[in-house]
Amino acid sequence: MAAPLGGMGAPHRPVLLRETIEFLNPERGGLFLDCTVGLGGHSEAILETSEATRVIGFDRDEQALAAATQRLLRFGQRFHPVHADFREVLRIMQGLGEEQAAGVLADLGVSSLQFDSETRGFSFRFDAPLDMRMDAAGDEDTAADLLKRLSEEEIARIIFEYGEERNSRRIAKWIVEHREQGTPITTTKALADLVARAAGKQKHQRIHPATRTFQALRIAVNRELEGLAPFVEQVVDLLETDGRFVVISFHSLEDRIMKRELRRLAGQCQCQHRTGVCNCGARRAVELLTKRPVTPDEFEVEANPRARSAKLRACRKLAV
Ligand SMILES: C[S@@+](CC[C@H](N)C(=O)[O-])C[C@H]1O[C@@H](n2cnc3c(N)ncnc32)[C@H](O)[C@@H]1O
């Protein structure tokens, strides 16, 4: 089957696919959870490895889930789509009567379907309402809502922390000035123009000046960093002995949480202040399969520039 096309005609390529399959090892069969089904590329590869493999695929984006379900129709009952937030994984598994999984994958962040959408506001390449919600049917605030509601300090903090944007204060100030003048920023083009003006002319800039601000707002709208630590703990508890967990992050804050949690669950104390008494809950539940994160090679980055910031970490559940 041909790979689905992204909005710009670029084929959608699952990131670090070979490495993901090697670590998950789905040939042995069993139940695998794809927590971020997206366009279904990783799920498809998992299902192709063995007739004895099933996948439950979560996504909070109904549009993505529908596209993936269509792509994976040929696997029949072996693929089960669930429209949900993966942070609810334990509750949903219980609801489905499933107790354990042989492997769990989380390929975090935004999908090409979202990024290449001309109407959902994820990219400044298209003029659209500033929405950015992955769950477009949900009742969470859009990016435009946040820019209308939050204080100047909160907007600056989001843009600085999640976007590492050094002009965050000026950008936040101008956003708030606009809304005070009765012309709030509500479209991608208005925001991209404002950020470009705030950043001024810059020599040798590799990325568009609005890239960091858009990333930061997307993370805030979708609360992407919230609940990740408890999610890892839930996943590890769901894994059967020798079951695998693979996580791919695209943002340093996301990867930092994953690194810390996986080390903690491998029994390495993560307490900041060593008092001799560990209170971070370190326990030896998994063996780390990646001492350092695995990153895409130059060929993958050349073929798929969006893979450039990907970091993969993996672990294996120990016998309890
Ligand atoms: C990078 S894409 C996954 C791409 C996928 N691995 C593939 O091969 O096509 C990430 C997907 O995860 C979804 N997502 C992000 N956070 C989520 C969450 N908390 N719960 C459920 N889905 C989430 C997004 O909607 C998006 O479709």
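Visitor: In the lining of the second largest pocket, how many residues are charged?
Guide: This is a predicted model, where local features need pLDDT of at least 70, side-chain atom pairs count only at pLDDT 80 or more, and totals for chains, interfaces and linings use all residues. Residues are numbered from 1 along each chain as its sequence is written, while side-chain values use heavy atoms, without hydrogens or water. The lining has eight nonpolar residues and no polar ones (Gly counts as polar); the charged class (Asp, Glu, Lys and Arg) numbers eight.

Visitor: Which loop holds arginine 78, and is that residue buried or exposed?
Guide: Arginine 78 sits in the loop between helix H3 (62-71) and strand E3 (79-83). Its relative accessible area is 15%, and under 20% means buried, over 50% exposed, and in between partly exposed (1.4 Å probe, protein chains only). Arginine 78 is therefore buried.

Visitor: How are the rings of phenylalanine 124 and phenylalanine 214 arranged?
Guide: A search of the whole structure finds three aromatic pairs (ring centres within 6.5 Å; planes under 30 degrees apart are stacked, over 60 edge-to-face, the rest tilted). Phenylalanine 124 and phenylalanine 214 have ring centres 5.2 Å apart and planes at 85°, so the pair is edge-to-face.

Visitor: Which residues do ring pairs link into a cluster?
Guide: Phenylalanine 231 and phenylalanine 245 are both buried. The cluster linked by ring pairs consists of Phe86, Phe231 and Phe245.

Key:
Helix = DSSP H or I, 4+ residues; strand = E, 2+ residues; numbered from the N terminus. Phe/Tyr/Trp six-rings, centres within 6.5 Å; stacked < 30°, edge-to-face > 60°.
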